[in-house]
Each structure stands twice: as structure tokens, then as C-alpha cells.
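Have the viewer open and follow along.

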Amino acid sequence: MVQMIRMMPDDTTIARQIKTAQAVSVLGGIVLSLASNCFIAITTAIVLWLYQPDGSLVIWLAAIITLNLVRLIAVIYIKRKKVHERNPEKVLLILSVTAFIAGVLWALAPFLPGGIATDGANAYVIFIVAGISAGALMQNTAYSPTALLFGGPPLAATLCLMVSQGTLVSSVIAADVLLLMVMMVRASGLSQASFIRSEEDRLQAVTLAGSLSNANHEIKLSNTQLETLARLDPLTGLGNRALFNGRLHALVVDQGAQPHPIALLIIDLDRFKAINDTMGHGAGDKVLVEIGVRLSQLSGPGDCVVRLGGDEFAVILHGVDAAERAQTIGAGILASAEQPIFIYGRPTTVGTSAGLALFPDHGQTAEELFASADIALYAAKEGGRRRLKIFNPDLKAQIDRQQLIETGLADAIATGGIRVFFQPQVALSDGHIVGFEALLRWSHPTLGPVSPPEVVLAAHALHMSERLTRHIATAAADLIRRLPGFGLADTAVAINVSPREFSSYSLSAMLEPIIAEFGIHPSKLEIEITEEATLDAVIAGEELARLEQAGYRIAVDDFGMGHSSLAYLVSLRIDRLKIDRSFVTGIAASRQNQALISALIGIGHALHIEIVVEGVETAEEAEILRMLGCRIVQGYHYGRPMPLEDIPAWIAGHRGPENGRPHLTKESIGD
């Protein structure tokens with residue numbers, strides 16, 4: 001740095017170098033200017049001679065040509081002797097003086113015979129004066145005095161002549177000439193200033209280039225160390241993304257006739273943000289360092305272990321056993337991460353998820369291989385976290401499908417693309433209708449039918465769960481309002497609610513305006529939840545209690561498939577338990593399923609909770625369930641899910657064993 005400061009030129013040196021550059025610039029264009037000047041002077045003298053022959057024209061022309069010859073000789077001498085390099089100030093002074101003399105000679109042009117007496121010649125002279133003045137400005141952008149000293153006198157003379165004539169036309173021309181003079185002065189000054197700034201920048205760049213050249217030796221000596229630092233993560237000491245990209249690309253490109261296997265393992269910490277938020281970023285850094293250490297201990301000396309950024313790590317392995325070793329490392333880091341990390345004396349446990357992709361099976365380029373490993377990591381997280389997933393094409397197809405679903409979800413809800421169907425629930429005793437369950441249906445324009453779990457998952461990912469549930473609840477409320485006209489005034493309609501929704505919005509607050517809009521009682525709307533919702537006694541419990549207080553019916557779906565607490569079910573005053581269809585399938589031949597259903601029905605009776613068995617598809621299944629004590633069933637044997645407009649016709653055609661057909665009014669069927 002000291003050396004570079006010493007090499008920077010002082011202000012005096014810069015000023016002299018700029019003067020030299022100005023002299024070079026003026027000298028470079030002056031030969032053409034002199035030739036043009038002589039030609040214009042000759043043509044001007046000829047034009048004026050044609051208007052009024054006079055000897056003074058010859059004298060004026062001879063003076064200009066002589067002066068230009070002198071100036072040309074001076075320029076040739078200056079260039080050959082390189083005077084402008086030794087004394088640029090003197091050269092600029094000579095050029096300025098000779099330019100002024102030339103300007104004075106041209107100032108006589110408006111007063112020459114013919115120029116004053118004849119309007120045509122007068123206009124021509126004014127045009128010529130303005131032209132040569134503008135030309136001088138363009139030819140001398142580097143040094144404004146030569147342009148101003150040459151163009152100023154003829155313009156000033158023309159201005160005086162026009163003012164002295166006193167006519168309207170001459171006054172207008174005088175104003176134009178004055179404006180031209182002002183513009184010329186301003187433009188000349190700006191041009192010179194721009195040239196000086198440009199030259200200063202050039203000189204500084206040249207000086208800097210020289211200093212950098214002198215420092216090049218020192219840079220080369222430290223280059224290896226800098227490259228090493230640039231490819232390391234400063235926190236963990238592992239390789240960084242730059243090292244990762246270079247290493248992976250080199251391994252993929254450097255393939256012979258027989259491609260050697262490459263394995264790419266990407267590891268991500270689960271819920272790492274919670275550590276930063278609750279314990280501070282210092283604690284998060286300690287976790288990252290420790291995970292880096294454990295990952296390095298699991299890897300071999302030829303493996304490339306890097307931190308990609310944030311809480312994401314990667315390991316690149318190559319060799320015939322790369323796939324096996326990658327799986328071992330992946331399983332090892334999952335297990336190792338379960339061991340506590342002590343932060344400020346407190347044990348902290350973090351989970352990890354990992355995705356694995358193999359070259360060339362899962363990608364032909366470094367980019368494709370990384371994308372495949374990333375997809376596998378995404379699948380590991382979506383599958384419950386704390387697991388290792390190996391890429392396969394089905395994973396990519398699944399992610400692409402989910403992205404298409406998410407892209408079209410909002411529009412499908414807004415335009416009615418997601419429809420609400422209703423499946424009836426009937427009593428086994430006499431076949432009368434006791435309720436309906438609202439089920440969503442979506443036929444995607446590209447994917448075709450989309451399953452309800454996929455729609456619910458997309459809505460949760462896009463934070464649109466409330467909007468989707470509102471759409472379904474509105475359709476259910478519409479059916480409830482119509483049911484009295486179908487002769488089913490006491491029938492309820494159930495909607496399914498994902499337990500994830502309880503932490504994102506208040507279901508009871510969302511339902512309140514819908515109930516008010518359709519003028520129905522909350523007891524006619526049943527809220528079906530899965531058993532996992534009952535596990536969160538804080539969030540889910542509080543919301544379910546609010547729903548119960550508001551008068552809604554509460555049902556637990558897929559009962560027997562989860563981990564419900566019977567005591568908790570009692571405290572929530574559950575109205576219904578729905579037994580999953582998996583217990584019904586093959587019930588005629590399965591004593592175990594018969595025993596399970598009988599036990600579940602017994603629990604329901606003991607707790608005074610209504611039991612509904614789903615998935616009844618045959619008369620045989622219905623009869624066995626009736627014998628086991630089941631009272632209410634739902635399934636294809638009684639009715640498939642149907643849109644609202646098909647319900648009146650289905651009710652009209654439905655017959656129970658004893659009660660016959662429900663009464664329908666003309667208004668309800670035609671509604």
C-alpha cells in the first residue's frame with residue numbers, strides 16, 4: 001500500500017500531463033482544420049466577388065491563406081521536435097494566438113464588399129461565420145480557448161453588424177447569433193471539462209495499473225493461501241459451496257470410458273430455526289460446528305464434506321462402494337444427531353434428514369445430481385423427518401405433481417373447480433338417513449382426479465387451509481338449509497378438519513358468519529377430526545372446547561387407528577366416533593376384525609358416544625355389523641359421494657327396510 005501511494009502522481013504532474021494531452025489533441029486535428037479553413041475562405045471570396053468584385057476580397061483571402069500556411073509550418077515543426085511534450089503550455093499559447101488572429105480575419109468577412117450591400121451575400125456570410133465557429137468548437141473539444149478565440153471574433157462582428165442595421169430581421173439574427181455565442185461558450189467549457197475528467201481517470205488508471213503490476217509478485221506469493229480460505233466455511237472449517245461446486249463438477253466431468261460411481265448426500269437439520277429463536281444464534285453456531293465435526297468423523301479421508309450454507313451440509317463420495325458408504329454415513333449422522341449437544345451446559349438434541357442421489361443413475365450432470373439429492377431430501381422431510389431417502393423417479397414425479405396441485409389450488413377454490421360432494425349415513429335398523437359427510441372432489445385439468453389428502457396438504461403448504469375449509473363449510477351449510485325440505489330436518493352434515501388447522505386460525509370464529517348467513521343451528525354441523533388432534537391438549541383442546549360450547553357436534557374420524565385417550569374423549573364430550581373402513585374390509589372372514597369392532601362399539605356405548613362404521617360396501621358386511629351391534633353405517637352399499645344437485649333424486653330412490661321413502665316436497669326437489 002505504501003508503495004502504491006508513493007507511485008501516485010501529485011497535482012502538478014497530473015496538470016502537466018493533462019496539458020500535454022490537450023496539446024496532442026489540438027495538434028491532431030489542426031491540419032484538417034487549416035485545409036478546411038482555406039477552402040471555405042476561397043469559396044466565400046468567390047461568392048462575394050460574384051456579388052461585388054473588389055480588390056479587398058483578394059487581400060482578405062491572401063491574408064487567411066498566408067496565416068494558415070504559417071500555422072501549418074508551426075504545427076509541423078512542433079510535432080517533429082516534440083515541443084508539445086517538453087513545453088505543452090507554450091504550444092497551447094501559440095495555437096491560441098494564431099487561432100485568435102485567424103478569428104479576427106474572419107471577423108472582417110461580414111464587412112467585406114458584397115457582404116453588406118447584398119442581402120443574399122449577407123445571409124451567406126452569416127451562415128459561413130456560424131458554420132466555421134461551430135466547426136472550431138467540434139475540432140477543439142480538448143482545449144476550449146482555441147475554439148473560443150477563433151469563433152468568438154467573427155460571431156461578435158456579426159452580432160454588431162446585425163444590431164447596427166436596426167431592422168426586425170437583423171435583430172432576430174442578432175439574437176440568434178448571441179444565443180449561438182452563449183451555447184458555444186458553454187459547450188466549449190463542458191467539452192474541456194469532460195476531456196480533463198476523462199484524462200484524469202485515465203492517468204489514475206495507468207498509475208494504478210503500474211502499482212498493481214509491481215505488487216503482482218506479492219499477490220502470487222499469497223494466492224495459494226487466499227484460494228484455500230475462499231473455499232472453506234469460516235464457521236465449521238469444512239468446505240463451502242464454492243468447493244462443493246468445483247469438486248462435484250470435476251468428478252462428473254472427469255469420466256473415462258467406464259463411468260465411476262459418485263454418491264451425493266445432502267443433510268439438513270430439522271427445526272434448526274427453533275434453536276436460533278429460543279437460545280440465540282451463538283447456540284445455533286455451536287450446533288452447526290458440532291454437527292460438522294460428527295459428519296467429518298463419519299466420513300473417509302477421500303470424501304468431500306462441506307457446509308452448503310445455513311443448516312445444510314453435503315458429502316460427496318466416489319468409488320465403487322460410494323453408494324454403500326453414503327448410506328452408512330447418512331444413517332450414521334441421523335443416529336449421531338440424536339445424541340445431545342451441550343450448549344451452555346444444557347443438553348440440546350437436533351434431528352437430521354438426508355437425501356441421497358447416485359451418478360450416473362440419478363443425474364448425468366452435476367446440476368441434475370444435486371437436484372435429485374435435493375428432491376430426496378425434500379421427500380425425507382415430507383415423510384416425517386429424521387430419515388434418509390434415496391432418490392427415485394417417483395419422488396420427482398410426486399413433487400412435480402404436488403407443485404401442479406399447489407399452482408392451481410387458489411383458482412380451483414375461487415372458480416368452483418374444487419367441488420363438495422356428500423355421502424349419506426344411514427341407520428342399520430330401518431335404513432333412514434341420519435346424516436351426510438362432506439367430501440371434496442377436484443378434477444385437475446392436467447392431472448385428472450386429485451385425492452383429498454393431496455388437496456389438504458397443498459392448502460396447508462400455501463397457508464390456504466382456512467380458505468379451503470370455509471369453501472367446504474359453506475357448501476355443507478347450504479345442504480343443511482335445504483334438508484328440512486327433503487323431510488330430513490333433524491339430519492346433520494359433517495365436515496373434515498385437519499388437526500394442523502387449529503394452530504393457524506380459529507375454526508369456531510371462521511364458522512360463525514357462515515352459520516349466521518344460512519340461518520342454521522350449529523348442532524346441525526358436525527366437525528370431524530382425526531385422532532392426532534386430540535394429542536395436543538393446549539391448541540386443539542382449547543379450540544374443540546370452543547366448538548363444543550358453540551353447539552357444534554364433534555366427531556373423531558378413523559377411531560382405532562391412532563392414540564386417543566379415552567379420558568380426553570370424555571372431557572371433550574365427543575358426539576361420534578367413526579371406525580375406519582380398514583376394520584370392515586374382509587370382516588366376514590376375520591374374527592379378529594369382528595372382535596375389534598365389537599370392542600370399539602362397546603366403548604362407544606359405554607361412553608354414550610354414537611358409533612359410525614365407514615366403508616360398508618356389501619349387504620353381507622352390513623348384516624355382520626348389525627349383528628355386532630352397530631347402529632349407523634356409511635359406504636358405497638348405501639350411496640356414493642354425490643353433488644348437492646343429485647341428493648333429491650337419491651333420497652327419492654332410497655328405501656329403508658321398514659320406513660320406506662322419505663317425504664319430499666316439490667319445492668325441495670326443484671330447489
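Helix α14 (residues 393–415) packs against helix α15 (residues 452–461) at an angle of about 70°, with their axes 9 Å apart. That makes the two helices roughly perpendicular (angles of 65 to 115 degrees). This is a predicted model, in which local features need pLDDT of at least 70, side-chain atom pairs count only at pLDDT 80 or more, and totals for chains, interfaces and linings use all residues. Residues are numbered from 1 along each chain as its sequence is written, and side-chain values use heavy atoms, leaving out hydrogens and water.

On the α14 side, the contact (heavy atoms within 4.5 Å) is made by R401, Q402, I405, E406 and L409. Facing them from α15 are E454, V455, L457, A458, A459 and A461. By type, the contact residues divide into 7 nonpolar, 1 polar and 3 charged.

## Aromatic pairs

The structure holds 3 aromatic pairs (ring centres within 6.5 Å, using the six-membered ring of Trp). One of them joins W60 and W106: the ring centres are 5.1 Å apart and the planes stand at 90°, so the pair is edge-to-face (planes over 60 degrees apart). W60 lies in helix α3 (residues 55–81) and W106 in helix α5 (residues 88–107), so the pair ties together parts 46 residues apart in sequence. W60 is buried, with a relative accessible area of 4% (buried means under 20%, with a 1.4 Å probe and protein chains only). W106 is buried too, at 1%.

F244 and F370 also form an edge-to-face pair, with ring centres 5.8 Å apart and planes at 65°. Here F244 of helix α9 (residues 241–253) meets F370 of helix α13 (residues 366–382), so the pair ties together parts 126 residues apart in sequence.

Key: Axes are lines fitted to C-alpha atoms, for helices over the stretch in contact, and angles run from 0 to 180 degrees between N-to-C directions. Helices (H or I, at least four residues) and strands (E, at least two) are DSSP runs, numbered from the N terminus. Angles under 35 degrees count as roughly parallel, over 145 as roughly antiparallel, 65 to 115 as roughly perpendicular and the rest as oblique. Ala, Val, Leu, Ile, Met, Phe, Trp, Tyr, Cys and Pro count as nonpolar, Asp, Glu, Lys and Arg as charged, and the others, Gly among them, as polar. Rings of Phe, Tyr and Trp (its six-membered ring) pair if their centres lie within 6.5 Å; planes under 30 degrees apart count as stacked, over 60 as edge-to-face and the rest as tilted. Buried means under 20% relative accessible area, exposed over 50%, partly exposed in between (1.4 Å probe, protein chains only).
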